[in-house]
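Here are some notes to read beside the model.

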Amino acid sequence: MKSFKTKYGFFAENGKEYVITTPRTPRPWINVISNGDYGITISQTGSGYSWRTHAQLNRITRWEQDLIKDEWGKYIYLRDEKGNLWSAGWKPVCHEPDHYICRHGLGYSVIESSNFGIDSRLLLFVPNEEPLEIWQLALRNDTKKPRDLSLFSFFEWCLGQAPDWHREFHKSFIETGYEASLQALLATKRLWEIPTERGHWNAEWGYVAFHSCNMKPSAFDSDKETFLGMYGNQRLPDAVREGKLKKRVGNWLDPIASLQINLALKPGEEKTLIFTLGAAASRDEAAQLITKYRAPAEVDAALKNVRRRWDDLLSTVAIETPDDAMNLMLNTWLKYQAISGRLWGRTAYYQTGGAFGFRDQLQDSQIFLPIDSEQTKKQILLHARHQFKDGSVYHWWHPISEIGLQNKISDNLLWLPFVVNNYLQETDDFGILECHEPFADDATTASIYDHCLRAINKALERFGSHGLPLIGAGDWNDGLSAVGLDMQGESVWLAHFMHHILNDFAAIAETYGAVSQAQTHRARAQHLREKINSQAWDGEWYYRATKDSGEKIGSKENVDGQIYLNAQTWAVIAGVAERARAEQVMNEVENRLEYKAGPLLLYPGYKTPDKYIGYLSRYAAGMRENGGVYTHAATWAVIAETMLGRGEAAYRMFSKINPINRGKKPDEYFAEPYVTPGNIEGPDSKFYGRGGWTWYSGSAAWLFKVGLEWILGIRPTFAGLVVDPCIPAAWDDFSVQRQFRGAHYMIEVKNPEHVNGGVKEILIDGEKYAEHCLASKPALPVFEAGSTHQIVVTLGKPEKPQDRVL
């Protein structure tokens, strides 16, 4: 497998680590490590932050967003007998090391460096089921002389709402103490900014934070002033320069945590220290965790369990194609990003978060469908509980406080039936429709079928004068925030999406026994399709929306924003456009929107803000949604191309947005090459090709789904697992191993005629599959759970063209 080496790093041989060879990357290149409750971010410099459950409401350590300095974090200083000073990561001292490597892995990161004859290896990870992080620091004396070292840990306590802008206020409620028997600093806070029945600012922070070391500290400090020195800085703190902490704890400080460890190393000797940092429910739980992880064997066992967990999660789907970049992303990094970053952590560097987005994490949860579909089911049930009884939903809500935002964004509620449909196609578990959940505003429960139906019915209430759905304060594109505030503007993309939802749910309703409901939905979908094609066609493509005034956007009549991507791609995906028109709109996408980094969300970018469009038009032209590649939407363009059988275009677009390929020019791209960005700047930008908003992007789950199900064509349906590749003609073959409904499918696809698609023959366990099955969609049989089957698929020109449906 290729390593895709650049001046900044490369993929390790097994593809499960990205190795960064210098701390001076163009932007911080981070890892988001979470066990589903506790989490940390860690950059290649050693900076980052920690949280439990919610990275804004329950931040443990202070951090402020500054991607240029990247100097907020949790650090270990080292000082030798001569007064030389450095840190275990590059920050905050920034001494130039003789050797430096940061390895971001699955659930852990390692920073290795050499300074003044001392080799260090700092391992950071979060155990699977416990609310703490572990720092394991190995130090080796690589000189021929004995060495005396002093180590100083350092970070600032936050303990609750972040960022804590009013530090002089918040610090007044934090109390720190040192427990000699535990070799640990403890911290609590008497105030937590969550609502209570007794008013605001009247709740205790519900945890006991701790920071410990397995070696007995010689000193400690919880006072930022005595540690840094008045007007001091992190690069050279007074306490580290002087070599001694002041042992200050209590209620009256600007609270930090610092432990001092003194140790001696003989020539060639290595010693390992174990630091912990966490937030326990009680002092007793904190003591138990501190005591447990003093033992190196416990640390080793916990790390082994983390590795095993990620191996188990990522092993249910494995591909092997001629494209190593595709293999790396689908086999490892897209799944890891979607799970650790988006579903468990819900935070990163470009955006600190912690809330659940109603449509966001629902879409993200699709990553679990071929991995552990029970997790998708849990996500569906969770989101159903955040729907109101009239069918509307929270745009987002905060776990812990359960405070949410209701707004006029029009598409949120429809993602519930969308993901339920995909769950059913994967699992055939129609029992989920009878699971009962309450509403956000009513404890009375209703079935998931009813929750979905309420969402659809609510959406059907909101239509405008042209027979198209109202856009409200935005649809999928939040940046169209003012297009329909007066509830007059209409959304063409939402019309496509609703057409898709209505037809999908009609099939579900039919199976559920609600035949009349199915007929109603199909009739409404047909009527909507006719309205879209008569009202929303702009001559060469579909316009995007109308403002409250009736003025079109995404139209040839406009100077800026003449054509929008989603209005074209979803016309194909949702089956709104007939074949000739579908070909036409995707030709326009390729000719007008596709650039070097993939298909732009719109073009040209808005040069002047338009208060009747919204904040999208206020970005600089070419940035983010205003004429950049918005990676989430770009994945849908790949689906549309495959549905038309255009394998070369589909693969080309997929390859353009694959971060590994973008990262081949790291000084142009800037972003991490191992995770998807939210956006890549477009041709209107001075920084054309630059990536940003990495990790916290819904594009990871979608790019995985697009690659596996639409390019490789291994796609779940109610009937079974479909094999419907749409690949580059140059490929000789590829293979996919995938679990489906409990059985293991070992699929080998051969392409002797070098076609883009079309299944000519299928062998199942050496026997030819029935010819009549190939005349339609070649869905494989549903096998007995626990069984393994060898499937060999030969591509060739089919006798009859096959239509693809989402």
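1. Gly 575 comes after helix 13 and has a positive phi, near 75°. Helices (H or I, at least four residues) and strands (E, at least two) are DSSP runs, numbered from the N terminus. This is a predicted model, in which local features need pLDDT of at least 70 and side-chain atom pairs count only at pLDDT 80 or more, while totals for chains, interfaces and linings use all residues. Residues are numbered from 1 along each chain as its sequence is written, and side-chain values use heavy atoms, with hydrogens and water left out.

2. Helix 13 itself (residues 566–573) is mostly covered, with 8 of its 8 residues buried. Buried means under 20% relative accessible area, exposed over 50%, and partly exposed in between (1.4 Å probe, protein chains only). Among the buried residues of helix 13 are Asn 566, Gln 568 and Trp 570. The cover over them includes helix 9 (415–427), helix 11 (492–512), strand 29 (563–564), helix 14 (579–593) and helix 15.

3. Two of those covering elements, helix 9 and helix 11, have axes that come within 10 Å and cross at roughly 45°. Axes are lines fitted to C-alpha atoms, for helices over the stretch in contact, and angles run from 0 to 180 degrees between N-to-C directions. Helix 9 is therefore oblique to helix 11; angles under 35 degrees count as roughly parallel, over 145 as roughly antiparallel, 65 to 115 as roughly perpendicular and the rest as oblique. The crossing is left-handed, that is, the near helix is turned anticlockwise from the far one by less than a right angle.

4. Which residues of helix 9 meet helix 11? They are Trp 415, Pro 417, Phe 418, Asn 421 and Leu 424, and their partners in helix 11 include Trp 493, Phe 497 and His 500. By class, this contact of helix 9 with helix 11 has 9 nonpolar, 2 polar and 1 charged residues. Here Ala, Val, Leu, Ile, Met, Phe, Trp, Tyr, Cys and Pro count as nonpolar, Asp, Glu, Lys and Arg as charged, and the others, Gly among them, as polar.

5. Leu 433 sits in the loop between helix 9 and strand 24 (436–439). Leu 433 is buried, with a relative accessible area of 0%. Apart from neighbours within four places in sequence, Leu 433 is in contact (heavy atoms within 4.5 Å) with residues including Leu 424, Ile 508 and Tyr 512. The C-alpha atoms of Leu 433 and Tyr 512 are separated by 8.4 Å, although the two are 79 residues apart along the chain.

6. Helix 15 (residues 631–643) and helix 16 (residues 647–657) pack at an angle of about 165°, their axes 8 Å apart. The two helices are therefore roughly antiparallel to each other. Their crossing is left-handed. The contact of helix 15 with helix 16 comprises 8 nonpolar, 3 polar and 1 charged residues.

7. Gly 48 lies in the loop between strand 4 (38–43) and strand 5 (50–52). Gly 48 counts as buried, at 0% relative accessibility. Beyond neighbours within four places in sequence, the contacts of Gly 48 include Trp 63, Trp 72 and Tyr 349.
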